[in-house]
Amino acid sequence: MENTQVGPFLIIKKLGTNRRQRVYHARQTEQNRDVALKFISIPPEVEWSKALDKIELEVRELQKLDHPNLVQVYGAGVHEERIFFATELIDGESLSAILSRRGKITPDLVVEYGSQIADVLRYLHHRELVHSKLTPEKILITSDHKVKIADLRLNRSKRRRWDSRRHRELDIAAYMAPEQFTEGATRKSDFYSLGVILFEMLAGKLPYEPDTMGRMTRMKMNAPVPSVATHVMNCPIWLDKIITQMLQPNPRKRPHSARAIVLAFEEIKKIDATQKAAVDQMSSS
């Protein structure tokens, strides 16, 4: 689609593709800005006219969101019977790509990324929204370690999306909380997803990696909560503690709010800073 005109956008090059969407770098000439165009597929059982109406309403609400760690949504449209979102173009790399290349991430960066992601959740939850499908693929990291959450949709707590698919995929389900398979997503579900992502960043592996949806669901509900410290020798004890709390199968045992998680990360940063200062002082004496 390179050099194709899509409404007011001129497509420059493809950025990526998967089973659910195609993403392109495009130029919005009148506004003199580069954007990302994300073409999404609509389930065949959803009427086209209904999809257009829902997307229009959704985009109007998404445009109101303003947080430094959220990818800004500019608008949406239709091209050759496919719906697309026009969003802020981020000069960065997905967390999934970083993990694929590096395997693991150092604890100090995990704390930094986790703090930024938790603040996005705090912002969304305050507005009665949930993310519900937070994965490393939707987390972009810039060269200066700023987090940008992409592909946000208008999800409400315990409400099924109008375009939700009946069949879940393992690569998304791996990050979903146990209750999402039966009751739907809540704010506590987002905490669970964040816990899985933090675990993977530190350990280089998922806490549960069964090969079928059924086994994954049973393990999340019944297996003992894994400790990331058993896989990472230099994992700070407080970081291990907060991740273990987020991965609790019972939502009531998880952190009570995103703000509490943000504050926990701030405390971890202070502890790390104090310990580093003490080591530096011992080294110079």
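Predicted model: local features only at pLDDT ≥ 70, side-chain atom pairs only at ≥ 80, totals over all residues.
Local features need pLDDT of at least 70, side-chain atom pairs count only at pLDDT 80 or more, and totals for chains, interfaces and linings use all residues. Residues are numbered from 1 along each chain as its sequence is written, and side-chain values use heavy atoms, with hydrogens and water left out.

**View 1. Helix α3 packs against helix α5.** α3 spans residues 107-126; α5 spans residues 187-203. (Helices are DSSP runs of H or I, at least four residues; strands are runs of E, at least two; both are numbered from the N terminus.) The axes lie 10 Å apart at an angle of about 165 degrees. (Axes are lines fitted to C-alpha atoms over the stretch in contact; angles run from 0 to 180 degrees between N-to-C directions.) The two helices are therefore roughly antiparallel (over 145 degrees). Residues in contact (heavy atoms within 4.5 Å) include Val-110, Ile-117 and Leu-121 of α3 and Phe-191, Leu-194 and Leu-198 of α5. By class, the contact has eleven nonpolar, two polar and two charged residues. (Ala, Val, Leu, Ile, Met, Phe, Trp, Tyr, Cys and Pro count as nonpolar; Asp, Glu, Lys and Arg as charged; the others, Gly among them, as polar.)

**View 2. Helix α5 crosses helix α7 (residues 237-246).** Their axes come within 8 Å and cross at roughly 135 degrees. The crossing is left-handed. On the α7 side, Leu-239, Ile-243 and Met-246 make the contact. Their α5 partners include Tyr-192, Gly-195 and Phe-199. Nine nonpolar, one polar and no charged residues take part.

**View 3. The second largest pocket holds about 460 Å³ of space.** Closest to its centre, among 23 lining residues, are Leu-15, Gly-16, Val-23, Lys-38 and Leu-140. (On a 1 Å grid over the protein atoms alone, a pocket is an open set of points where a 1.4 Å probe fits, with protein on both sides within 12 Å along at least five of seven lines; lining residues have an atom within 4 Å of a point.) β2 gives the largest share, four residues. The lining has eight nonpolar, eight polar and seven charged residues.

How values were computed
Left-handed = near helix turned anticlockwise from the far one by under 90°. Points joined across faces, edges and corners; volume = space filled by probe spheres on them. Parallel < 35°, antiparallel > 145°, perpendicular 65-115°, else oblique.
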